[in-house]
Amino acid sequence: MLLLNAPANPDFEAEIAAALACHLDGIPGAASTAVWPEIREYERAVAATLNATIQPLMDGYLAGLEGKLVGEGIGAPIYITASNGGTLSIATARGRPIETMLSGPAAGVA
């Protein structure tokens, strides 16, 4: 979800996104400023759309991975490589999978 001037007041966009989530049960979405907190609306819209598109797939994959590791008795925290070469917690990666899109090239350099 995208409001044109959301970077000026991201809380308002977050409130609207939360209200929509109550009415759109099961449909993925996020406030654009939560995904890409930049002023340019086109880039925010693209990032939010990509994030909402891949989120169900990545959420299912990461939930399965986490379940299998816990099932094997592995209690260590799981970290996912981010596009910037850093790491994300599994909860962050499940909520904002767009941050992992370029993790392969970033990890290769690291």
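The legends below describe close-up views of a predicted model. Local features require pLDDT of at least 70 and side-chain atom pairs pLDDT 80 or more, whereas totals for chains, interfaces and linings use all residues. Residues are numbered from 1 along each chain as its sequence is written, and side-chain values use heavy atoms, without hydrogens or water.

**View 1. Helix H3 spans residues 41-71.** Helices (H or I, at least four residues) and strands (E, at least two) are DSSP runs numbered from the N terminus. The 31 residues of H3 reach 43 Å from first C-alpha to last, close to the expected 45 Å, which is 1.5 Å times one less than the number of residues. Glycine 73, with a positive phi near 85°, follows the helix.

**View 2. Helix H3 bends by about 45° at glutamine 55.** The bend is the angle between axes fitted to the seven residues ending at a residue and the seven starting there. Proline 56 follows within four residues.

**View 3. Leucine 62 is a buried residue of H3.** Its relative accessible area is 2%; buried means under 20%, exposed over 50% and partly exposed in between, for a 1.4 Å probe and protein chains only. Beyond its neighbours within four places in sequence, leucine 62 is in contact (heavy atoms within 4.5 Å) with Ile80, Ile90, Ala93 and Arg94. The C-alpha atoms of leucine 62 and threonine 81 are separated by 13 Å.

**View 4. The buried residues of H3 pack against other elements.** Among these buried residues are Arg44, Asn51 and Ile54. Their partners are helix H1 (10-23), helix H2 (32-35), strand E1 (79-81) and helix H4 (90-95).
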